[in-house]
Amino acid sequence: MATKISRRDFLKVGALGAASLVVAGCGPAATATEAQVAVKPTDVPAAAATAVPPTAVPPKKPVTLDFQAWGDNADLPAWEKLVQMYQERNPHVTVKYSPVADPNANFYQQLQTSIAGGTPPDVASFQGWEWQTYADKDLLAPVDDFVKRDGFEAIYPQDVKGVADTTIRKGKTYLIPLQLATMVMFYAKKPFDDAKLPYPTDDWTFEEFLEIARKLTNTSGDQKMFGLQANGSWFRDIGWIRGTGKQEFDSLIDPKKSQFNQPEIVEIMQKMAQDVIYTDKIAPSPADTSGGANTFQTGNCAMKYEGAWWFPTMNSPKLREEGKQIPFDVVLMPKMADEGRPHRGWAEGIALLKGDSVEEAWGFASFMASEEGDKIYSEITGRMPNNLALLESFWIPTVQEKFQFSNAKAFIEAFKRSEVDVIGGVPRSKMNGEVVKPLAYDKLVNNSAKAAEVLPEVDKALQALLDEYWANV
């Protein structure tokens, strides 16, 4: 049973759930069998006849680990296989994991509920920008000693900022990465072929991107085709925002000042969250996509800004078997004002909750994060592995063959240029859920207000959250 904390103490964490999903399943408990050694009474003195033979292995104490796993559909088969393998090799361990419907809405809420109720999981999935408030409240176990003891330094390259920023907090390591993540531009090949347009390349510009999207848009017939599917959320638009050379806060780590209302950010948010839908009309509106219609995965949009987790929705072996594949490829985000071409990027994985089973929890977590376990996770999900050495030697040939696209190296280049969303005592999920989404993006996407009208209010509300946090540190 993990250490209990009061509901009042937990609620001080302040992390609202941005999203989540958990995978459920319950493996049967297995009992280890004690090694049996035959010993003849004549071989042993009478006083020692009942002693445990020196070659016998004492049975390990049975342990049950609760694992709250991020559960996108792509992840579920990976968790199932990894849990099964670990339990087969460690019959004294039972790993229980449970689904949380819609990871981007419920994951952290359910995690907080379990902690507040005194029944936290032993292992939990975390995005690279969400675990910090839990560590600040002493709810997570640092893993530095385990990493050093068991030789896991390779998954923590200190010269890679995207990894260091999202695994370490105040000098201690908490996140155990299972994947490196970044976002690039996906494009479907058929719309380009039909329009007789060349495919985009890694050196394209923002102006070229918009022109291509306009040329690919044709909504006059029964079968609509849009040049782009807009993401319609702050964190999915960070790649566009940072391309302007500006950022939303004075610092991406422990910010003290909100600064959305800069002319460059106002302009790009107006363009990518609203104008592409209602003015340029190169992206579908909420009405167009209702019921799942007119999206990238239905073949009605030519481009979409996404990550490696998107592979299985496009051209997986299963989709090819069903004749539903959409041949695609990817390129870097187009060149914008910032010559460094920053791309959104981070490490993502699992962390250990403090409790009575931290050593056992590390055993399970380190198996998943090992080269063997991470290859399984990466191969099933398509996600980038946690080990930089595996990206070119293992990941690129694996995903190119499985999902049938060419430019996998764009992900490596994008990650080298990556910047984290924002990390601090006020988690990104709280910022988005309480402020940025309701005050800005909901209105922009629904065409009920302009960026210049809403972003001053966003800054005001975010500044209040930041000021409150720093006043109580």
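These legends describe close-up views of a predicted model.

**View 1. Confidence along the chain.** The mean pLDDT of the chain is 88. A score of at least 70 is reached by 87% of the residues. Residues 1-52 stay under 50. For this stretch the model has 119 contacts beyond four places in sequence. Where pLDDT is low, predicted coordinates should not be read in detail.

**View 2. Helix H16 against helix H17.** H16 spans residues 428-445, and H17 spans residues 451-471. Their axes come within 9 Å and cross at roughly 170°. The crossing angle is over 145°, so H16 is roughly antiparallel to H17. H16 contributes Lys430, Met431, Glu434, Val435, Val436, Leu439, Ala440, Lys443 and Leu444 to the contact. Facing them in H17 are Ala451, Val454, Leu455, Glu457, Val458, Ala461, Leu462, Leu465 and Leu466. By class, this contact has 14 nonpolar and four charged residues, with no polar ones.

**View 3. The largest cavity.** The model has four cavities of 30 Å³ or more. The largest holds about 90 Å³ of space. Its lining consists of Trp70, Asp75, Trp79, Ser125, Phe126, Leu178, Gln179, Glu348, Gly349, Tyr377 and Arg383. Strands E4 (123-126), E7 (176-188) and E10 (343-352) each supply at least two lining residues. Five residues of this lining are nonpolar, three polar and three charged.

**View 4. The second largest cavity.** This cavity has a volume of about 50 Å³. Gly239 and Gly243 line it, together with Met333, Pro334, Lys335, Met336, Asp338, Arg341, Pro342 and His343. The class count for this lining is four nonpolar, three polar and three charged.

Notes
Residues are numbered from 1 along each chain as its sequence is written. This is a predicted model: local features need pLDDT of at least 70, side-chain atom pairs count only at pLDDT 80 or more; totals for chains, interfaces and linings use all residues. Side-chain values use heavy atoms; hydrogens and water are left out. Axes are lines fitted to C-alpha atoms, for helices over the stretch in contact, and angles run from 0 to 180 degrees between N-to-C directions. Helices (H or I, at least four residues) and strands (E, at least two) are DSSP runs, numbered from the N terminus. Angles under 35 degrees count as roughly parallel, over 145 as roughly antiparallel, 65 to 115 as roughly perpendicular and the rest as oblique. Contact means heavy atoms within 4.5 Å. Ala, Val, Leu, Ile, Met, Phe, Trp, Tyr, Cys and Pro count as nonpolar, Asp, Glu, Lys and Arg as charged, and the others, Gly among them, as polar. pLDDT is the predictor's confidence in each residue, from 0 to 100. On a 1 Å grid over the protein atoms alone, a cavity is a set of points where a 1.4 Å probe fits but cannot get out, and a pocket is an open set with protein on both sides within 12 Å along at least five of seven lines; lining residues have an atom within 4 Å of a point. Grid points are joined across faces, edges and corners, and a volume is the space filled by probe spheres set on the points.
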